[in-house]
Amino acid sequence: MTVTVRPTAAEVAALNREYTFFDWAAQDAVRPIAVEWAEGSYLFDHDGRRILDFNAQLMNVNLGHQHPAVVAAIKAQADKLCYVNPRFASQPRGELGRELAHITPGPLCKSFFTLGGSEATDHAIKAARLATGKHKIVARRRSYHGATYGALTLTGEARRWATEPGIPGVVRAADPYRYRCRFCSGQPACDLRCADDIDEVIRVEGPDHVAAVIVEPIAGANGVVVPPDGYLQRVRDICDEHGVLLIADEVMSGFGRTGRWFAVEHWGVEPDIMTISKGLTSGSVPLGAVVMSEQVARHFDANQFWAGLTYGAHTLACAAALATIQAYRDEGIPERVEAMGEVLRAEFAAMAERHPSIGEARSLGLFSALELVRNRTTREPLVPQIEPAYEFHGVMRRIGAFMLERGVSTMIRWNWIFVNPPLTVSLDELHEGLAVLDEALEIADAEVARG
Ligand SMILES: Cc1ncc(COP(=O)(O)O)c(C=O)c1O
């Protein structure tokens, strides 16, 4: 007789920790939540505990967990054909390419499929270098573009430090981080000198040597930094002036997160290359893509595209992405997010009135973060920013633990608390999570009161 014993959450976590590595952490510090199943906005652990997923995992499970149409599409495709090598053609792959050409802005028309966002970054700069015959890439200081060597070199934040030196040819420019801007913080209006810094960097590095500028339209992992109006348009103009390609990394900001299909649409900007992943399959199956403009894509008509991945354009993943995009459309996700985003913005404004620890509340649609400070006048961060450790310093650790204890999981990094629920989140679920966050902020306020 076979006896099946249901493992506890602690046993599953211990098994994982014993035999597998967890991301961005000294392994002894890792305390994973052992998830057995999930549905919509909720995770259920092996002890039967229900946890509200207030960050859609890594801002990727945009449709909520186990979306029925996506699961059905995966099952149907798995029954027929899981995989063919990327030199073969498949119907889901072709249809997905056409769909992406349709929903991405302006001239973007042809996709190279990867397994995730980091590989999309690497292949975006590879395509830019090959298409322009130039090699330098301008990236910003507070950015995250992925964990592979190329993507991590482009990454501005401290996660890069430990693996330096990375790839050659990456130069860095300022960020549109108005709350802590060295150009215009404290002044009544932004005069876009942060964009002009990109212009200066290109001039100093030599426009004939710079292939591309890569930006997250809204810097995600570095605190959901929404740029001032006019910024992205100015960056577009600067790139055009110098014959430099603009790469928009929409891995986190894409697929409805901001209330548009892609964040660049808020400012009417059309990049030459766009990288996407995360919401592309709503986290169901790994997939990323580099979507190129007609002009960039045409370069590779007669010139070899030096790239290939065994699992590129994976058939199952392409079928999942097609179903995901259809669900965004059927459920009017971008429009829904715009409306829910207004609720979130109002709630954040009310919280900022109540909690002296909130320095700035930033959001666009359901892409949001609170920046906590020790002192609103000096804007001293509640815990130091720019440290290599990934998350959970001191008081921020206590805030995260409190929220989890109350059944809400979200992402906390340095002095930022992220609120990025599935885009299908209900009003009740949003209020449930915000109520717990509101209580948790009293821990931060007490720290502020201590001085
Ligand atoms: C803007 C951005 N680019 C690239 C990546 C890397 O994507 P992946 O983790 O799928 O490799 C991320 C991941 O968070 C991201 O936020």
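Predicted model: local features only at pLDDT ≥ 70, side-chain atom pairs only at ≥ 80, totals over all residues.
Two strands count as paired here if DSSP finds at least two bridges between them.

**Stop one: β12 and its neighbours.** Select β12 (367–375). Eight of its nine residues are buried, so the strand is largely enclosed by the rest of the structure. Show Asn375 and you'll find Glu380 of β13 standing opposite. Four residues sit between these strands in the hairpin, and Arg379 takes a positive phi near 60° there.

Next, bring in β11 (358–364). β11 and β12 are antiparallel too, with six bridges between them. To pick out one of these, select Arg362, whose bridge partner in β12 is Ala369. This hairpin has two residues between its strands, and Gly365 in the turn shows a positive phi of about 60°.

Click Glu371 and look across to Trp416, its bridge partner in β16.

**Stop two: the two domains.** Colour 9–63 + 332–450 as domain 1 and 69–330 as domain 2. Their C-alpha centres lie 25 Å apart. The contact between them takes 31 residues from domain 1 and 30 residues from domain 2.

**Stop three: α5.** Select residues 117–132. This helix has 16 residues and reaches 22 Å from its first C-alpha to its last, close to the 22 Å expected at 1.5 Å a residue. Twelve of the 16 are buried, so α5 is largely enclosed by the rest of the structure. Among the buried ones are Glu119, Asp122 and His123, as well as Ala124 and Ile125. Step just past the end of the helix to Gly133, which takes a positive phi of about 70°.

**Last stop: Val30.** Go to the loop between α1 (9–19) and β1 (35–39), where Val30 sits. Is Val30 buried or partly exposed? It has 15 C-beta neighbours inside 10 Å, so it counts as partly exposed. Leaving aside residues up to four places away in sequence, Val30 touches Arg17, Phe22 and Ala25. Draw a distance from Val30 to Arg17: they are 13 residues apart in sequence and 7.8 Å apart in space, C-alpha to C-alpha.

Definitions and conventions
Residues numbered from 1 in each chain as written. Expected span 1.5 Å × (residues − 1). Buried ≥ 20, exposed ≤ 12 C-beta atoms within 10 Å, placed from the backbone. Contact = placed C-beta atoms within 7 Å. Domains from an automatic or database assignment.
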